[in-house]
Amino acid sequence: MKKFLCVLLAAVMLIGCASALAEEKIKLQIYGQYADDDTKVPYDYAVEKLAEAYPNVELELIPQAQDDGATLLALATAGNLPDIYQTGSGIVTTLRNSKQMMVLNDVAEKTGFLDKVYETEKQFMIADDGNIYAFPYAGQEYVLWFVNNALFEQYGLEIPTTYDELIACAEVFNANGIVTMSLFGQEGWNAAAMYDTIATRYIPEGIKGIDNGTTSITDEGYMKAAEDLVKLAQAGVFQNAVTTTNYDQASEMFLNGKAAMFLNGQWYIEDATKALGDNVTWIAYPSYDEASYEANKHAFSGGGGSISGYAVNPDSPNAELAAEVAAFISEKYCEAKVMLRNNPLVAVNTGLTNDQLPKMMQDLVAEMPNMTSTTAFTWGLTNTTWSNSIGVAAQSLLSGQFTAQEVIDQLVFELE
Amino acid sequence: MKKYLSNKKAIVVFVLPAVILFLTFIFIPILQVFYYSFFKWDGVNQATFIGLDNYIRLIGKDPTFKIANANGFKFGLVITVYQLVLATIFAIAVSDKRIRFRKFFRTAYFIPVVLSVTVVCQLWGNVFNADNGLLNTLMKTLGIEWSQNWLNDRNTAIYTVAFVNAWQWMGYQFALIVAGIKSIGEDFYEAAEIDGATALKAHWFITLPLLKDTFNFCLLISVTGGIKAFAEIDIMTGGGPGNATNTLTYIMYNHAFGRQNFGYGLTSASVLVMECLVIILVLNWLFKDRETPLFARKKGVDLV
Amino acid sequence: MSKTKKYTADGKKAQPHSLSSVLFTVFLWAYAIFSLYPLLWMIMYSFKDNTEIFQTNPFGLPKVWRFENYVNAWNQYDVPLYFKNSVVVGAGTVILTIICAMMFTFAVTRLNWKGREGARTLISTGQFIPVQAILLPVVQTVSAMGIMGTYWSLILPYAAINLAFSCMVYYGFFKGIPKEMEEAACIDGANIWQTFFLIIMPLVGPATMTIAIYVFLSAWNEFLLANVLVGTTAHMKTLPLGVLFFQGQFTTDWGSMGATMVIASLPAILVYCLFSEQVEGAMTTSGAVKG
């Protein structure tokens with residue numbers, strides 16, 4: 001009798017397990033950005049496609065906190081990382097050393113992701129030890145100076161090509177209560193990008209050079225760029241509260257005609273076109289004189305890509321599946337960006353073409369083959385000390401209250 | 001009686017829960033903070049012992065360290081003065097039976113405490129915005145030529161941020177002092193009334209001396225609140241412009257999470273803990289020799 | 001004029017109308033408005049969009065009442081569940097903190113044992129530790145205890161963090177209780193437990209209420225630890241984590257975030273208003289015991 005009961009029990013359990021397996025979906029946690037159209041649209045699109053391709057997988061989204069990766073680090077410390085997580089260049093080194101980032105070489109090959117990645121992106125996707133740690137979706141991205149042409153016309157001004165011209169424009173704009181250039185200097189990267197667009201006029205590698213070790217902060221160009229930025233700030237080119245302005249404040253100023261220029265990445269093209277239509281264009285960065293303006297017309301700030309993207313926790317009970325899903329999602333992000341966000345600058349060749357691209361994007365795509373050099377956004381830098389302190393330094397310069405010497409000295413200290 | 005108050009079993013039962021909780025989640029982590037301040041550590045991987053290097057660099061060389069200490073002092077000073085003065089005035093006012101709508105005032109003054117720091121910083125950030133903020137706009141409308149770059153001036157931004165903190169947390173000090181006054185008991189006031197002392201005198205000679213412990217505590221909270229200030233700075237100025245509004249906590253956070261240099265960040269935290277300890281000891285010593293037990297009623301009345 | 005004459009027989013006040021008292025009343029009202037306006041501002045803000053918030057109308061009534069901000073917030077995350085979690089964590093933290101702090105302070109101030117001053121100073125150091133500094137060790141500890149993703153993972157650290165403050169507030173109050181209280185109780189034959197529960201506990205009522213409010217609010221609004229400890233456990237998240245759904249790398253949907261913050265703050269305000277009534281009650285009781 002006992003035996004029989006045991007067998008019965010075992011049988012019931014087996015059936016139970018089997019049916020549970022059949023019905024129960026595999027849940028994967030995914031830590032990613034999900035806050036605005038640029039992050040929600042691709043995610044929602046990817047989830048929709050995932051349901052078709054992997055009907056047994058269910059994603060549980062953990063929205064990413066804007067905290068410089070503090071959450072991710074804390075989760076790593078506790079050994080509690082989600083199955084799939086979005087990561088930036090700064091943290092890759094740390095987490096791959098601690099073996100909390102799965103090596104994705106096989107999966108990249110098996111899923112065909114590796115074949116679809118653009119050659120330019122491949123060099124960034126593959127880390128210096130030859131391994132792939134994350135599936136990227138963002139492609140080359142560029143820092144652009146956006147200009148509201150209507151405002152320049154209204155006040156009879158030419159688009160500036162040198163800093164002196166820019167300062168002359170600022171006098172007119174300031175007299176009329178318009179900010180010449182709005183920045184969101186509260187975010188270190190935006191301040192740093194502004195500095196980089198100046199520094200690249202002197203040293204084409206810009207802030208990336210120091211990250212690579214090919215240039216030194218004591219090089220004269222960095223000091224000159226700092227002096228230029230202080231000069232612009234003191235001439236009132238930027239808004240008063242530039243170091244505490246957030247993205248939404250700065251963007252609203254530009255979109256509502258309260259600011260004539262704006263600095264942001266190319267992903268802003270979509271929003272700018274929607275609000276200002278044909279009035280808005282991007283321009284080649286002004287320079288310290290005409291000659292260098294012409295000479296550096298095709299030297300861009302930004303670009304460079306990074307090894308960021310969706311990474312996988314190797315300790316996940318479904319690590320292999322999570323890796324496949326991560327590759328799938330990254331690819332779908334690219335599709336969504338191309339088709340739904342009019343942004344063809346993605347990591348993966350989706351085979352899709354969007355012929356409805358806004359004029360500014362068409363111009364940028366046409367410009368790309370002419371580009372002579374690119375640098376990086378701060379999140380594409382691998383030296384976390386440098387990427388952090390250049391943001392702070394650029395902010396000091398933007399405030400107009402620090403001398404270039406003071407700021408460069410501070411940077412020398414931080415980097416020593 | 002003495003034996004009754006030295007009941008060993010009872011002492012253990014009373015003390016143990018708090019001590020275990022404290023050791024597990026505060027004390028051991030603090031020891032870890034000190035421990036890692038001697039290492040180069042990224043927060044996740046193996047740490048490398050580097051002796052006093054972090055301390056030498058932070059205290060001896062880092063220009064931000066000096067700024068952070070000065071800011072801690074300024075921040076502490078602003079919130080101490082603002083909170084203690086206003087909280088005392090308001091607490092005495094709402095404890096006075098002659099004031100109407102006391103309940104309303106009591107709730108109103110406490111409300112900022114209930115709001116989240118994010119909301120409060122958002123609001124004040126908008127008020128102090130140098131471009132289209134309420135304060136500068138108001139002054140312009142009134143024809144006052146005194147527009148300031150409230151949050152972006154390297155010399156004065158720290159005071160603006162300190163004000164926001166002082167404004168928000170004044171309610172706590174207020175609530176504490178109100179509770180303190182309640183525990184003195186209403187009969188004091190009545191005694192004072194009969195003696196013909198004016199209200200002000202009565203408060204000065206009776207209420208305030210009796211609240212010494214409360215004040216000691218409030219002072220401690222304010223002063224150390226200045227040294228460990230973080231949230232308002234992080235949200236409103238991000239430590240800027242440049243490093244102008246850095247504090248020790250901000251250095252800690254920025255180095256640990258912004259640069260993944262935990263060893264250095266925790267060195268800043270260690271210095272912070274030590275500074276706070278010194279302040280506790282100094283304040284305790286200052287308040288000790290003139291100890292006035294709360295229940296020494298006779299002494300209080302004699303003063304009148 | 002003698003002060004005693006200002007009171008009528010039932011203790012109500014007669015009207016003193018000197019200039020200084022009028023000015024003082026004006027000051028009290030002005031500061032009350034100064035304290036309350038942000039609440040109003042937050043509510044108005046929660047009905048606006050980014051353009052109104054930053055450009056056209058930062059301080060006035062919304063031009064268009066965007067109820068969709070609330071709909072957004074409601075749809076984006078499980079408000080009732082987050083609410084429930086916040087309540088459980090808040091209440092649990094308050095209870096645990098009060099129990100530990102009250103017993104500890106009782107032992108430190110009323111009982112005779114060596115090292116009690118040292119113990120008190122040690123515990124009060126907790127007040128000065130920035131949470132950011134001990135974030136990683138705490139996360140490691142919680143994880144090692146195997147309570148990750150449970151209510152305890154928040155309640156225990158929260159209680160520990162609030163312990164110092166609570167003990168320090170209690171300390172002043174306990175010291176103020178006359179020794180005669182226990183002596184009388186002792187003579188009446190009460191044991192130490194009875195003394196604690198029946199005599200001391202009611203006496204520190206006002207302090208307990210102040211501490212309860214403080215601890216509840218700090219647990220209710222806490223973000224940093226919550227994000228790390230339960231941020232990856234969907235069914236354990238607390239209300240402050242709701243804002244993450246609106247905060248992008250660059251842009252933030254400030255209106256919906258405002259709505260989230262109103263949803264998170266209003267219960268706290270209600271709790272405070274309710275509790276402050278209780279404080280009133282507690283104070284009367286303690287007064288009676290004292291008298």
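Tutor: Let's start with B:Phe101, which lies in the loop between helix H4 (63–95) and helix H5 (102–114) of chain B. Before going on, a word on what you're looking at: this is a predicted model, where local features need pLDDT of at least 70, side-chain atom pairs count only at pLDDT 80 or more, and totals for chains, interfaces and linings use all residues. Residues are numbered from 1 along each chain as its sequence is written, while chains are lettered from A and ligands numbered from 1 in the order in which they are written. Helices (H or I, at least four residues) and strands (E, at least two) are DSSP runs, numbered from the N terminus.

Back to B:Phe101. Its phi is near 55°, a positive value in a residue other than glycine.

Now set B:Gln260 beside it. B:Gln260 is not a glycine but has a positive phi too, near 50°, and its loop runs between H13 and helix H14 (262–288) of chain B. B:Gln260 is buried, because it has 23 C-beta neighbours inside 10 Å.

Over in chain A there's another spot to look at. Just after H3(A), A:Gly79 has a positive phi of about 65°. As for H3(A), eight of its eight residues are buried, so this helix is largely enclosed by the rest of the structure. Among those buried residues are A:Leu72, A:Leu73 and A:Leu75. What covers them? The cover includes strand E3 (84–87) and helix H4 (89–97) of chain A, helix H13 (248–258) of chain B, and helix H6 (131–144) and helix H11 (224–229) of chain C.

That brings us to where chains A and C meet: 25 residues of chain A are in contact with 26 residues of chain C. Contact here means that the C-beta atoms of two residues, placed from the backbone, lie within 7 Å. On the chain A side, strand E2 (57–63), helix H3 (70–77) and helix H13 (247–255) each give two or more residues. That side divides into ten nonpolar, ten polar and five charged residues. Ala, Val, Leu, Ile, Met, Phe, Trp, Tyr, Cys and Pro count as nonpolar, Asp, Glu, Lys and Arg as charged, and the others, Gly among them, as polar.

Chain C itself has twelve helices and zero strands, and 49% of its 291 residues are buried. An automatic or database domain assignment sets the domain bounds, giving domain 1 (20–66) and domain 2 (77–290) in chain C. Their centres, taken over C-alpha atoms, are 30 Å apart. Nine residues from domain 1 and seven from domain 2 of chain C make the contact.

Definitions and conventions:
Buried ≥ 20, exposed ≤ 12 C-beta atoms within 10 Å, placed from the backbone.
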